[in-house]
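Let's sit down with a two-chain model and learn to read it feature by feature. Have the sequence and the 3D view open as we go.

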Amino acid sequence: MSEMRTMLVSSMERLLATECAPEVVNAAEKGEWPAKLWQALVDAGMTRAWLPEAEGGSGVGLGDVLAVLRAAGRHAAPVPLAETLLAGWMLSSSGMEVPDGPLTVAPVRARERLSLKKSGKGWTLSGAAGGVPWGGQAAHRVAIAWVGRQEYVVRIDGAAGKVRSARNLAGEPRDELTFDGVALGADAVAKAPAGVSQGELFRRGALARAALMAGATEKAMAHSLRYANERVQFGKPIGKFQSVQQQLALMSGEVAAACIAVEAAGASGGSGLAEAACAKVRVGEAAGVAAALAHQIHAAIGVTFEHTLHHSTRRLWSWREEFGAETDWAGYLGHWLIDLGAEGLWPAMTNQTGIPVAA
Amino acid sequence: MIFQDPGFTMPELAPELQTLRAEVRAFLKKELAQGSFVPVCNSWMEGFSPEFSRKLAARGWVGMTWPKRYGGQERSFFENFVVNEELLAAGAPVGAHWVGVRQTGPLLLRFGSDRLKDEFLPRLASAEIFFAIGMSEPDAGSDLGQVRTQARRTDGGWVINGRKIWSSGAHRCDHMVVFCRTGDAGGDRRAGFSQIIVDLKSKGVTIRPIIMMNGAHHFNETIFDDVFVPEYRLVGEPGNGWTQVLSELGYERSGPERFLSIFPLLVELVRLAARDPDARKVIALGQLGARLWTLRRMSVAVATLLAAGQSPEVDASLVKDLGTRFERETIEIIRALAPAEWSAGAPSEYEVLMAKALLSAPTFTLRGGTNEILRNIIARSLGLR
């Protein structure tokens, strides 16, 4: 057990308990920016936690970041915390300053490409990126853009480019950004250093979504337990019926699997690529099962807007597709396992430095 | 539950363990090449080979965590975990010693008298003798409180009468740990039980085969008709049987045998997908791989609790419920991807593995506590019962 992690998570829990009430989540869905919640996260150092101490961060590891995101997922925090942390990692690794304010990242889809062209002393950026979380609200977007086969990290002002607003199933902003020769200064562009790439952004994004989902399954479980103990039918709480108990036990297995998959992927050695795949696949599966069971246990009240179960379940149904759905990651993983061969399957599962696949 | 503790961090197996792992792999490779075994699914149940168990014992891989004075190697819980998972993944025939070493050894170490430990542990560790477990009865399956087999006090010992069923390998084992009534229940259905070691060659013991639907014989019915057992063969305190049995469950339920029983089939899926990498096979392989990877990490996490002397009954139940359902789903997923008209006499290795797995799969979610009972345990821990 890690004391650092316990402290980080409990301060996150305290903060979210006061600043992330259901009304805040509902208001955010109507388009209101949760300024107080965001400020509380900034003040607690959560938005810069992943940065080195010299850059105002806490220098915590990936596992701790994922634990923080799990807490954010438990509370359905309607802010781009994961994206700001990812953007900070990209900028800081590239030697660029990390600006204040909510940040986001692009592209978040595997096959999209932004392209960069030299133009005088600066650069111009072209291309489109869909589903960008808070793409229209973020103070800056941090993106991977390509010159030929070379990747660059670029910082794009929040006002640049065209925004077509869209929302995911949970009402979170997932905007399409179009850059039609947007001018970028030389200080806003850096060659992507080793370890920073669109692939790595996709991997870390998938892990971040897995962590958020694990938290959301925990919350759906907590809702379901409380409801099963409170709701009385046939003269007793429905949680006294074995059929309901069996469903809750199944759900708790899925929640446990989701939490451990995230934790294990965060702790994995090597490239961690296959482990991220494992986590996104397994947590995505758990998300589907847990959401379905939670609604079955809650019956009709659970599908109303008034009950807040949907804060968790609509996010689960959205997040499992973001940064690659289970089928996408299972497809990659399947190919990697085929490459390792029949004799390589077991060694891959037990390798101390992670499942050996090329990053 | 450990998995949701906010401070939980993933325990890692120490790097030194890879040396031991390599030794086990080299040994298995050699044995396979020599044809000393053919990989099978469910090998800890269906692969009964005293010779193979003795080969493992000669390398110190049977009862390896036990004290040296009892024939063990005093190696760590995790070294044992590594050896076990390697043997299971290879589908090696470890059934002869598996249950005795998993349950009876730890039981004796924790509750047994010096005399019992001296008498049995060294021979268990050398795979000279094998133990069966006598728990279920015709009227006591999941409901162990209904056990009626009775041990009555007599001069210098006990006289046992009753019947036990589903004891795996009893016809090939030397002894059985019999869970029986030695005193009145009073008001507590868990009270008055004890565990007694019975020599299966004793007068009054009759062992009858219970043939499985696949024709295999590993289950038995064991009948005790005025069987005399010396006093000292009662393990621990008279009347403490229930507590003692519960302490075995963490070991029984969270180990790698709860998700690796079908590993040889998963290896076949890699071959099938390599030959014909259509999207469905590739995705299925990825999904099953992700599930297995997660289950193994859960099992390692529970092992750290066991190693620390805790009894994580609920976490272990979660692993067994998820793990055994994974085993059954794996069979269903693969069969649908590469169907054949199954026959145990088929020429292809894959078809033989599948034919056998289909007929043993129903036991996966039954043995060691049905999954429904495990979920009751989980539900109780959630505060629902």
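Predicted model: local features only at pLDDT ≥ 70, side-chain atom pairs only at ≥ 80, totals over all residues.

Q: What is the mean pLDDT of chain B?
A: pLDDT is the predictor's confidence in each residue, from 0 to 100. For chain B the mean is 94, with 99% of residues at 70 or more. For the complex, the predictor reports an ipTM of 0.96 and a pTM of 0.96.

Q: How do I judge the overall shape of chain A from its radius of gyration?
A: Take the radius over C-alpha atoms and hold it against the globule rule, 2.2 Å times the number of residues to the power 0.38. Because a compact globule of 359 residues would come out near 21 Å, the 21 Å of chain A agrees with the rule. The C-alpha trace of chain A spans about 80 × 55 × 35 Å along its principal axes.

Q: Is Val196(A) buried or exposed?
A: Count C-beta atoms, placed from the backbone, within 10 Å of the residue's own: 20 or more others means buried, 12 or fewer exposed, and in between partly exposed. Val196(A) counts as buried because it has 22 C-beta neighbours inside 10 Å. Val196(A) sits in the loop between strand E8 (189-191) and helix H6 (198-230) of chain A. Across chain A, 56% of the 359 residues count as buried.

Q: Which residues is Val196(A) in contact with, beyond its neighbours within four places in sequence?
A: A contact means that the C-beta atoms, placed from the backbone, lie within 7 Å. By that test Val196(A) touches Met90(A), Ser93(A), Ser94(A) and Val153(A). Met90(A) is 106 residues from Val196(A) in sequence, yet their C-alpha atoms are 6.6 Å apart.

Q: How do strands E2 and E3 of chain B pair?
A: Two strands pair if DSSP finds at least two bridges between them. Here E2 (residues 150-154) and E3 (residues 157-165) of chain B run antiparallel over 5 bridges. Thr154(B) has Gly157(B) in E3(B) as its bridge partner. This hairpin has 2 residues between the strands, and Gly156(B) takes a positive phi near 75 degrees.

Q: Where do the two chains meet, and which helix of chain B gives the most?
A: The size of an interface is often given as the accessible area lost when the parts come together. Here we count residues instead: 49 of chain B are in contact with 50 of chain A. On the chain B side, helices H1 (17-33), H8 (263-275), H9 (279-307), H10 (313-337) and H12 (371-381) each supply at least two residues. H9(B) gives the most, with 16 residues.

Terms used. Residues numbered from 1 in each chain as written. Chains lettered and ligands numbered in written order. Helix = DSSP H or I, 4+ residues; strand = E, 2+ residues; numbered from the N terminus.
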